[in-house]
Amino acid sequence: MEFGDFGGRYVPEVLIPPLEELESMYGKIKHNKGFCSELEYYLNTYAGRPTPLYFAKNLTDKVGGARIYLKREDLLHGGAHKINNGIGQALIAKMMGKDRLIAETGAGQHGVATAMAGALFGMRTEVYMGSKDVDRQSTNVFKMMLLGAKINVVNNGSCTLKDAINEAMRDWVSSFENTHYLVGSVVGPRPYPEIVRDLQIVIGKETKKQMKELCGGVPDCIVACVGGGSNAIGMFYPFLDDGIRLIGVEAAGKGVETGKHSSTLGAGEKGVLHGMLSYFLQDNEGQIAGTHSISAGLDYPGVGPEHAYLKDEKKVEYVGVTDDDALHAFSCLSKTEGIIPALESSHALAYAMDVAKGMDNDENVVVNLSGRGDKDLGIVKEALQCSKLQL
Amino acid sequence: MFKAPALISFITAGDPSTDATLRFMKVLDGYADVIELGIPFSDPVADGKAIQGANYRALESKTTVDSIFDIVRKFRKSSDTPIVLMTYYNIIYRRGVEKFMQDARDAGADGVISVDLPFDEAGDYQLICDSYGIKPIFMVAPNTADNRLKKIDDSGCAFIYLVSHYGITGMQDDVQEIAFEALHKTKSLCKNQLAVGFGISRSEHVKKLVGAGADAVIVGSALVKIIEEFGEDADEKLEDKIKELREGLR
């Protein structure tokens, strides 16, 4: 499965056999009844699926325009959509006979999901996390430790998600015989983008069914945030052929014009990193650029190859939302609905509010509320102190 | 590209400066049969701490691809020793494979290794290499399947680069058993010359591998470590080290 020119398997030769093993195993089990029912069992009884699709009436009234629905992935065990992928891949790893999981994490949500899956299935778990992210997401670091995972702090390069992936890949090169690299987003070499997407499609499938029940059809517009892009692809995928507006929201940080942002699809160029051909923020020499976002989960200079493809095919619009606008949406949802969203999801929310304002009040917008904001309270507090923003 | 048994030296270009790199190449030239020159990349995933550090230092000193072609051009004025450029694929992709190979040829480089470009992603790349007379070199590992090895062997590469163990670059106390197993297997399946790299840092390692049938041995981290320690003044220590490694070929 390739995504036009994008995707591929750009890795050192030593990783070809483990990737082939994973691809072949996944090909065998993805439609296997035993695997699917075991996955469903854990998603329903352990993770908390299906998640509600909530009509945010107060927010809708405040914005004035289209009806805004929230897909409540924030209510999942662990606080984000990441558990869908964590449990799925851990089950695959178990079937391959691996007894150790490694993962990279930015905001820590994927690390937490992996640590939970590791604890659940009795697998040793090590999580790589950039030192900058360790500092700004310390609650999640402690959570992972409580769950029995070992945290490897990465002090290289930009000390964020990109560098955590580098270090996890370095681990895997020597540990693949007993270790599964549980990639956290729709990034990396084939078959990861496909596996992670398939495991996240449950978000879109449920939403489609729920919208039909609630409104008798598909929504007019769906908005999701994009770092690597797993929650967005999982949400968009079942709607790709429905002719509705799909919007992926990247982190515009302090503004794309300042250079301090993570808008890969907005400002990146084609390149090759982390096993895939995709868009990357980079200089003219091909050196990967430093990024900035208030949300650690979006602070990545690349993006999943399928998003690159969907952008070029014009199937999905990709836009940017700044730190400040995300903070505003964070505060607004907390106040109007009593729901504290993750900073990542706040980017999607901010854009959705903008879009909804310009739509008719018989139209529907769905926002994928991919995670909850507990992990972000420290950052938000600091940001509010440093800026002129009011709570 | 070389007469076996051979010694291949690796250093990262621009660490600590492009002037130093040119000097270091001239020092190594007396003892190494092929000079591998690393083009630094911001995210060297196949490299251990030593070569990661070299990459960061080279980028810190504002090393560009153009400045590296310049080093090659200057070196070529006084030596015919083959030069192999080693980097990550994004550097080549970003410049444009065609332009990269053309500039590499014009500068006087002989071969190119893209660490994260496996053979089966490299169709067009190989054609372009061919058209500019730049020899592509592919890496193989102890776990590379036999049918893949044969395809790589038939690809028209200058030599086969065998990664000696499951891991990243960096000095090891000894050559692991798996290196010898892989060496025997690869040797029996491939007609091209075979160079073994990763984790080799002492003359006794060189001796053991050459004794086991390696056509060449590649040493990188051990040299880079010296540059890390002595910086601009590493010339003499580098010479001592490469001399010592050369002893292993006897």
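**A walk from Phe198(B) through chain A**

Phe198(B) has a relative accessible area of 8%, so this residue is buried. The structure is a predicted model. Phe198(B) sits in the loop that runs from strand S8 (194-197) to helix H9 (203-211) of chain B. Although Phe198(B) is not a glycine, its phi is positive, at about 85°. Most residues other than glycine have a negative phi, and most peptide bonds are trans.

Cys159(A) belongs to the loop between strand S6 (150-154) and H8 of chain A, and at 14% relative accessibility Cys159(A) counts as buried. In chain A, the bond between Arg190(A) and Pro191(A) is cis, with omega about 10°; Pro191(A) is in the loop between strand S7 (179-181) and H9. In chain B, Asp15(B) and Pro16(B) are joined by a cis bond with omega about 0°, and Pro16(B) lies in the loop from strand S1 (6-12) to helix H1 (18-29) of that chain.

Next comes chain A as a whole. Chain A holds 15 helices and 13 strands. Its radius of gyration is 19 Å, close to the 21 Å that the globule rule gives for 391 residues, so chain A is as compact as a globular protein of that length. The C-alpha trace spans about 55 × 45 × 40 Å along its principal axes. Of the 391 residues, 66% are buried. Of the contacts between residues at least 6 apart in sequence, 74% join residues at least 24 apart. Chain A exposes about 13600 Å², and 50% of this area comes from carbon and sulfur atoms. Chain A carries 40 positive and 49 negative charges, whose mean positions are 4 Å apart.

Helix H8 of chain A (residues 161-175) contains Ile165(A) and Asp163(A). Ile165(A) is buried, because its relative accessible area of 6% is under the 20% limit. Apart from neighbours within four places in sequence, Ile165(A) touches Glu104(A), Tyr181(A), His274(A) and Tyr300(A). Phe121(A) is 44 residues from Ile165(A) along the chain, and their C-alpha atoms are 23 Å apart. Asp163(A) is also buried, at 1% relative accessibility. With neighbours within four places again left aside, the contacts of Asp163(A) include Val154(A) and Asn156(A), as well as Asp43(B) from chain B.

A further helix, H12 of chain A (residues 305-312), has Pro305(A), Glu306(A), His307(A), Ala308(A) and Leu310(A) buried. The cover over the buried residues of H12(A) includes strands S1 (7-10), S11 (275-280) and S12 (317-322) of chain A, together with helices H9 (192-215), H10 (230-236) and H11 (264-267).

Methods: Residues numbered from 1 in each chain as written. Chains lettered and ligands numbered in written order. Predicted model: local features only at pLDDT ≥ 70, side-chain atom pairs only at ≥ 80, totals over all residues. Heavy atoms only, no water. Helix = DSSP H or I, 4+ residues; strand = E, 2+ residues; numbered from the N terminus. Rg over C-alpha atoms; globule rule 2.2 N^0.38 Å. Buried < 20%, exposed > 50% of the residue type's maximum accessible area, 1.4 Å probe, protein only. Contact = heavy atoms within 4.5 Å. Areas by Shrake-Rupley, 256 points an atom, 1.4 Å probe, with all protein chains shown as cover. Lys, Arg positive; Asp, Glu negative; His and termini not counted. Charge placed at Lys NZ, Arg CZ, Asp CG, Glu CD.
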